[in-house]
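Here's a quick briefing on the model below. Have a look at the fold, then read through the notes by topic.

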Amino acid sequence: MNKPLRRVSVFCILLILALLAWVTWLQGAKASTFTDDPHNPRVSIAKYANPLGNILVDGQPVTGSTATDGTLKNKRTYKNGPLYAPVTGFTSQIFGSNQLESLYGDLLDGSDSRLQNPGDALTRQRPKGGDVATTIDSEVQKAGYEALGNKTGAAVALDPATGKILGMVSTPSYDPGKFAGSGSTDQKAWQDLSADKKHPEVNRALRQPLPPGSTFKLVVAAAALENGLYSSVDEATDSPDPYVLPGTRTTLKNESASAPCKNATIRTALQYSCNTVFAKMAADLGQDKVRAQAEKFGFNNGKLDTPVRAGKSLYPQGMDKAQTALSGIGQFDDTATPLQMAMVASAIANGGDLQTPQMVDKLTDSGGNTLQRYAPEKYGKAVSQRTAEQLQSSMETVVNEGTGSKAKIDGLTVGGKTGTAQHGVDNEGTPYAWFVSYAKDGKGHQVAVAVMVEDSDAARSEISGGGLAGPVAKAMMKAALS
């Protein structure tokens, strides 16, 4: 073979080898990139070729699938969609998915490798989708949803011993089944949802941190006891009334001028929700000690997964003494989600031990065989046993003799703390009403609940944590322990 022809042959062989390498790379290393590309129509065709697996509450599906005439053979359906939307999220043929529908999408559509048997691998047949069993208690969920009614707000109920989320409600809600398909009515439903000024698509229980108001006083009280500022909830504090914010001429007063807040004990200060006591207490402790205590309860954690990622609850830094004082009553730049405040109540009720909140109990295949079970996971030690017992005693005084009386439940031991958080320029916004609580039945069963009412039909003068949020917490606690 002459030299020019040999060179051409070698060049052609190199081209063929390069082509083979390129095809191998595409079919191997890059295969998953194309397979998972949402713009690849085959992804959706495969996903909806068969009925999806289900999300379960109390062992029963709250989701389903129905056949369609389109290219996508099945679409998602929901039972009591608005009730469970904060739990399930949505999955749509056009608009994708979120929350549990998204996090466990591979399991639900059958593409999770754990679902395959040797026969499926050989035939390349996708197995039936698996199921996601949640920790939600249907009675607790219904009780919270019905009690919130037309109010804009949210509520979370936790089992303090395990961290299981028993109820997670957000109102107003939406029906994820209205835009699950690909028709014009589905698109219109999505547009209406997106344009709704009340933002029903927002999971307020997990994703909307707001000023926690006086419920944050529990965190400050815990910091004072843990750091030895006061030896017990019945020791008199050094608390002038009114209280001049450090370095300013601004006077902080209490909601009720007749409340016995001057030098009040922590128990009395929680009972009457004395601003002066906890503002002074936060300033005396200093922001670093208050922040350290808040973080033990879960504040400032931007990676709290339930498994749905929760919004970050914030205790700020870089404050002066006056700002630190205001932070002590849940104002200034403090923010918290209902989940976060439920964690505070849960840790106190559980002797100081805080469990990581979790919304999924187990994953199963279509036959009910367990693929993965989620065991309780300790978040950390929030406070000592003694501090927890002291705060429990004080919270029970709040319910039995103070501002939380509307949360009393016959036959149960109930502790709580009310909160009314101001916001807006010159506090002109409608106050947020909060209530955090726990209940025990004396038989080892307990529940912790946090409720936030963002907006209601009540007049501004009638807005209070005990009046608006307390009855919602009561309904959920009663349902959990009945």
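Rings of Phe, Tyr and Trp (its six-membered ring) count as a pair if their centres lie within 6.5 Å, and the pair is stacked with planes under 30 degrees apart, edge-to-face over 60, and tilted for the rest. By that rule there are seven aromatic pairs here. Keep in mind that this is a predicted model, where local features need pLDDT of at least 70 and side-chain atom pairs count only at pLDDT 80 or more, while totals for chains, interfaces and linings use all residues. Numbering starts from 1 along each chain as its sequence is written, and side-chain values use heavy atoms, with hydrogens and water left out.

**Aromatic pairs**

- F90 and W190 make an edge-to-face pair, because their ring centres are 5.6 Å apart and their planes stand at 75 degrees.
- F90 belongs to the loop between α4 (81–88) and β5 (91–92) and W190 to helix α9 (residues 184–195), so this pair ties together parts 100 residues apart in sequence.
- F95 and W190 pair up as well, this time stacked, at 4.3 Å centre to centre and 5 degrees between the planes.
- F95 lies in the loop between β5 and β6 (96–97), so its pair with W190 in helix α9 ties together parts that are 95 residues apart in sequence.
- As for cover, buried means under 20% relative accessible area, exposed means over 50%, and partly exposed is in between (1.4 Å probe, protein chains only).
- F90 is buried at 9% relative accessible area, whereas W190 at 24% and F95 at 26% are partly exposed.
- Ring pairs join F90, F95, Y174, F179 and W190 into a cluster.

**Overall picture**

- The protein chain has 18 helices and 18 strands, with helices (H or I, at least four residues) and strands (E, at least two) taken as DSSP runs and numbered from the N terminus.
- Its C-alpha atoms fill a box of roughly 105 × 55 × 40 Å along the principal axes.
- Of the 482 residues in the protein chain, 51% count as buried.

**Sheet and hairpin**

- Two strands pair if DSSP finds at least two bridges between them.
- Five strands make an open sheet with mixed pairing, in the order β2-β1-β7-β13-β14.
- β2 (60–61) and β14 (370–373) are at the edges with a single partner strand each, so one side of each has no neighbour in the sheet.
- Within that sheet, β1 (residues 55–57) and β7 (residues 131–134) run parallel over two bridges, and L56 has A133 in β7 as its bridge partner.
- Strands β3 (residues 63–67) and β4 (residues 74–78) are antiparallel and joined by five bridges, with T63 opposite Y78 in β4.
- The hairpin from β3 to β4 goes through six residues.

**Helices and surface**

- Helix α11 (residues 217–226) is mostly covered, with nine of its ten residues buried; among them are K217, L218 and L225.
- G228 follows α11 and has a positive phi, near 75 degrees.
- V10, I13, L14, I16, L17 and L20 make a nonpolar surface patch of about 570 Å², and I13 sits in helix α1 (residues 3–27).
- Patch residues have over 30% relative accessible area and no salt bridge, with like charges joined within 9 Å and nonpolar side chains (Val, Leu, Ile, Met, Phe, Trp, Tyr) within 5 Å.
- A salt bridge here is a side-chain nitrogen of Lys or Arg within 4 Å of a carboxyl oxygen of Asp or Glu.

Terms used:
Areas by Shrake-Rupley, 256 points an atom, 1.4 Å probe, with all protein chains shown as cover.
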